[in-house]
Amino acid sequence: IPPLSVFAEVQFSENKAKSKFSTFLFSVSKANLTYYKEEKTGIPTELGAWPVEDINWYIGSEPKRGAPFNLNITFIPKNEEHRTKESPLFGRVMSFNSRELFVKWIAALLVAEHQSDLVPPPSLVRID
């Protein structure tokens with residue numbers, strides 16, 4: 001499977017206290033999840049990046065986050081504490097306004113994480 005590159009504008013919220021959803025540009029490319037803020041010049045500035053193999057991600061978000069759409073991906077860097085006084089919310093949330101974009105992002109994350117083989121190893125497949 002060739003790598004999938006996706007670049008889109010999504011609603012994003014950090015895991016900090018009182019973090020609100022704001023519009024950012026996100027991309028999945030070369031097995032990295034990267035986010036940008038578009039400057040007034042129209043040129044995006046990179047704000048952060050996470051290697052896909054260094055994050056855990058799941059579909060959905062905590063209801064108390066108040067995501068603007070119901071199509072959400074939450075991701076948590078593996079090397080971070082999950083909840084602290086400074087970061088009381090669980091993970092960072094990307095919220096998508098269209099099902100098509102949401103599905104593209106899930107596909108891109110799966111391909112980035114499992115590059116050559118999306119089938120689980122035989123030890124995880126149980127056939128009775």
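This is a predicted model: local features need pLDDT of at least 70, side-chain atom pairs count only at pLDDT 80 or more; totals for chains, interfaces and linings use all residues.
Colleague: How many residues along the chain separate H114 from E53, and what is the distance between their C-alpha atoms?

Modeller: They are 61 residues apart along the chain, while their C-alpha atoms are separated by 8.8 Å.

Colleague: Let's turn to V52. Is V52 buried or exposed?

Modeller: V52 is buried, because its relative accessible area is 0%. V52 sits in the loop between strand 4 (44-51) and strand 5. Leaving out residues up to four places away in sequence, V52 touches A31, N32, L33, L109, A112 and E113. Take A31: 21 residues in sequence lie between the positions of V52 and A31, yet C-alpha to C-alpha they are 5.5 Å apart.

Colleague: Now helix 1. What should the 15 residues of helix 1 span?

Modeller: Count 1.5 Å a residue, and helix 1 (residues 99-113) should span 21 Å; the end C-alpha atoms are 21 Å apart, so the two agree.

Colleague: And how do I think about which way residues on a helix point?

Modeller: An α-helix has 3.6 residues a turn, so residues three or four places apart point the same way. With that idea in hand, look at the buried residues of helix 1: L101, F102, W105, I106, A108, L109, V111 and A112.

Colleague: What covers the buried residues of helix 1?

Modeller: The cover includes several strands, among them strand 1 (6-13), strand 2 (22-29) and strand 7 (92-96).

Technical notes. Residues are numbered from 1 along each chain as its sequence is written. Side-chain values use heavy atoms; hydrogens and water are left out. Helices (H or I, at least four residues) and strands (E, at least two) are DSSP runs, numbered from the N terminus. The expected span of a helix is 1.5 Å times one less than its number of residues. Buried means under 20% relative accessible area, exposed over 50%, partly exposed in between (1.4 Å probe, protein chains only). Contact means heavy atoms within 4.5 Å.
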